[in-house]
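The following note sets out numbered points for a colleague who wishes to examine the model. Please read each point against the coordinates.

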Protein chains: 2
Amino acid sequence: MKGNVLVGQSGGPTAVINSSLAGVFKTAMDRGFTKVYGMRYGIQGFLEKQYVDLADYIKNELDLELLKRTPSAFLGTCRFKLPAIHEDRAIYEKIFSLLDEMDIEVFIYIGGNDSMDTIKKLSDYAIITGATQRFIGCPKTIDNDLALTDHTPGYGSAAKYIATSTKEIIRDCLGFSYQKKNVTIIEVMGRNAGWLTGSTALAKTEDCDGPDLIFLPELAFNIDKFVKKTEALLKKKDVVVAVVSEGIKDKDGKYICQYTAGSNTEDAFGHIQMTGTAAYLAQVVNEKLGCKTRSVEFSTLQRSASHLASRVDINEAFMVGGAAIKAADEGISGVMVVIDRLSDDPYQSTTGVYDVHRIANDEKLVPRDWINKEGDYVTDEFISYLKPLIQGDYAPMMVDGLPRHLTMDTKGYKDLYKLFMNQG
Amino acid sequence: MKGNVLVGQSGGPTAVINSSLAGVFKTAMDRGFTKVYGMRYGIQGFLEKQYVDLADYIKNELDLELLKRTPSAFLGTCRFKLPAIHEDRAIYEKIFSLLDEMDIEVFIYIGGNDSMDTIKKLSDYAIITGATQRFIGCPKTIDNDLALTDHTPGYGSAAKYIATSTKEIIRDCLGFSYQKKNVTIIEVMGRNAGWLTGSTALAKTEDCDGPDLIFLPELAFNIDKFVKKTEALLKKKDVVVAVVSEGIKDKDGKYICQYTAGSNTEDAFGHIQMTGTAAYLAQVVNEKLGCKTRSVEFSTLQRSASHLASRVDINEAFMVGGAAIKAADEGISGVMVVIDRLSDDPYQSTTGVYDVHRIANDEKLVPRDWINKEGDYVTDEFISYLKPLIQGDYAPMMVDGLPRHLTMDTKGYKDLYKLFMNQG
């Protein structure tokens, strides 16, 4: 008889983080584990004994499918970094005593760099103390900045949403272009890595020119050069669309969003709010070139628009969750599951595992040779890498015109069951 | 042998304005009109003889279906108000001489209040001069502020996008709520009418509490009262989500967005940019209550997110275009097509026509009794009215992971045809 599994979610949510959770649950049940507990709000909530039995919420295949289509962290998430073992042994003793108490054999943490750090420290502590639990990390981040994995679950769906919205916005700009030159500046998430910003290049298709300029945070941004390029483009065309990462900086390392008069405040989660880059640049262009400008920020929807998730991404996120259970079941610990790409066309991928010591806290940036020489667009290599990850849809289950989600506080699924019964 | 049809699009685009264009084209062809010309950039472009033969672009059923799924104005749009007839007869003479030259029998204009004003003036001029052309208006606006029609094509799809995004954002907020009270303020389009802002109430479903507060521009907004209500809510729950219209004003008629330090600039199309209401209120809440806050603006995507269009809306937009041709073919002129609701459940609608003199420049606001007594939410009547309009999906034709659009400058549909061939 196998023991129990404990799974948690950590860091910023994505559109598919719950698909990994679904993969963990389903595979653990299939492999004969007794229970799958979910930490509420990651390790932070767990330390206060906040956890649930996932079987209370995932009761059938329909619930499982709903979970795969639910954005944000079903279990709740946190930003919490464990102290080093030698700094605070007590916290580790507390965690491991809880694990023993709950008969936990496998500990899965779905998250980004900080979460992999948690897996590393807990598995180190287990080695030191001879504890038998296995600790596995599942990668997750829209930013795609985790090393060693070909890409991270969450990235494909965010890119699909961003590229689709960019296409729709460019179409909107073109409808208004008569005798009115206009410049639109789109701001995309990504403090240090330009993976998401670069994804707007996907909008360049048979029926759309795509953005004219794309600026990634990997390279220093020069405002004067940007204005000159925009001016040159406006001589050739009426509509100019530029995309900037929220994290672009000048050559001295100052964020462009810090050029604004108002100081940048902390966001709801304690990070400096990066918003305002596009708005500031729109103002500069308006003042210097005199043309009409507007700015668009994609905001939180980049990480929560599950209504436009990528099928490849949802399936891979699920697969990664399953692979974590499989690895643990085979006795492996202290690893992160990674996605290995087998081929581009047809796209094929599989999972592997890497020692977390090799992974944690490395930030994977867009390689310099995937950005063009001028530093204002991504190359074909970037596109070839990204394109397979946005393929296919995973249609939301629509009830009364809106996507239905699985949540802990749902009062029931009257409407949904009614819908299925009417169809049956 | 029937003559030709001329059709134009005007004002701000919607996700379904092209479905009306498709309805005009299809019905005109079916009824034996010779050609359907499209004005480029509305009457403004037409005055400079910019028009196209739509048959050059809509060559088959696939093109027609693509057009129905393409956001923004396929023909390009303008903001242009015709002078009164007695002020500038010359411009009318020019238009009518072009109509004669092109053998135009029917003139269709798809737009909002300004467009209906154009229809009124042109049909008046025809009456004065004995010209035989018929002039018909097709309503279109995401704002739903046109009188006499039950609702306007474009509203349902914008509402569906806004409600879906609101649900996803609320889910995102909840994922992060552990020991961190947070307030999110969402800003929705709508200068004077709160139809779109009120649509966020649809997010209140079995699996979502919906927003906590909704403020429409129909009522004066009181910042102090808002802060007090938010404070009271935070005592009961960790996550508070408030929705405001971009056009909310204080009791003296000053826009809340004008409270910000920076002055509000004109947008790309000459309107005062209303953005900043939510950002300003987030700052006030943060200062007064000390809790974490963030603001979200839905921006241009509200009118261009055809990837999440409502099937009811796309079908009605198409039907309205067809009804315009039918009316003109039957000899009617100087009317706007309206949508009449026959029943709520099951939802049924039909088209009618109204004399444009009764319509133009009336702005339909949300009735006071569809807003609750406190002025901070919409009532069940509002929901019952809106719910049928967001029903059903009209899946985009996805090519390589992104929605494909029909555009004038498309270089071909290699990829799309390949896709269909592979499936066939």
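1. Apart from neighbours within four places in sequence, Leu219(A) is in contact with Ile371(A) and Gly375(A), two residues being in contact if their C-beta atoms, placed from the backbone, lie within 7 Å. Leu219(A) sits in the loop between strand 7 (213–215) and helix 8 (223–236) of chain A. Helices (H or I, at least four residues) and strands (E, at least two) are DSSP runs, numbered from the N terminus. The C-alpha atoms of Leu219(A) and Lys249(A), 30 residues apart along the chain, are separated by 8.0 Å.

2. The model is a predicted one, in which local features need pLDDT of at least 70 and side-chain atom pairs count only at pLDDT 80 or more, whereas totals for chains, interfaces and linings use all residues. Residues are numbered from 1 along each chain as its sequence is written, while chains are lettered from A and ligands numbered from 1 in the order in which they are written.

3. Is Leu219(A) buried or partly exposed? Leu219(A) is partly exposed, because 17 other C-beta atoms lie within 10 Å. The class buried requires 20 or more other C-beta atoms within 10 Å of the residue's own, exposed 12 or fewer, and partly exposed lies in between, with C-beta atoms placed from the backbone.

4. Chain A contains 13 helices and 13 strands. Its radius of gyration is 23 Å, close to the 22 Å that the globule rule gives for 424 residues, so chain A is as compact as a globular protein of that length. The radius is taken over C-alpha atoms, and the rule is 2.2 Å times the number of residues to the power 0.38. Of the 424 residues in chain A, 56% are buried. Among contacts in chain A with a separation of 6 or more, 74% join residues 24 or more positions apart.

5. Chain A is divided into domain 1 (4–153 + 306–362) and domain 2 (156–303), with bounds that come from an automatic or database domain assignment. The contact between them takes 15 residues from domain 1 of chain A and 15 residues from domain 2 of chain A. The C-alpha centres of these two domains lie 34 Å apart.

6. Helix 1 (residues 17–30) and helix 3 (residues 61–68) of chain A pack at an angle of about 150 degrees, with their axes 7 Å apart. Axes are lines fitted to C-alpha atoms, for helices over the stretch in contact, and angles run from 0 to 180 degrees between N-to-C directions. Asn18(A), Ser19(A), Leu21(A), Ala22(A) and Lys26(A) of helix 1 meet Leu64(A), Leu67(A) and Lys68(A) of helix 3.

7. Between the chains, 70 residues of chain A are in contact with 70 residues of chain B. Helix 6 of chain A gives the most to the side of chain A that touches chain B, with 11 residues.

8. Chain A is superposed on chain B by a rotation of 180 degrees with 0.0 Å of shift along its axis (RMSD 0.0 Å). The two copies are thus related as by a two-fold rotation axis. Superposition is by least squares on the C-alpha atoms of residues with pLDDT of at least 70 in both. The same surface serves both copies, as 100% of the contact residues of chain A recur in chain B.

9. Ser299(B) lies in the loop between strand 9 (292–297) and helix 10 (301–304) of chain B. Not counting residues up to four places away in sequence, Ser299(B) touches Val296(A) and Glu297(A). Ser299(B) is buried, because 20 other C-beta atoms lie within 10 Å.
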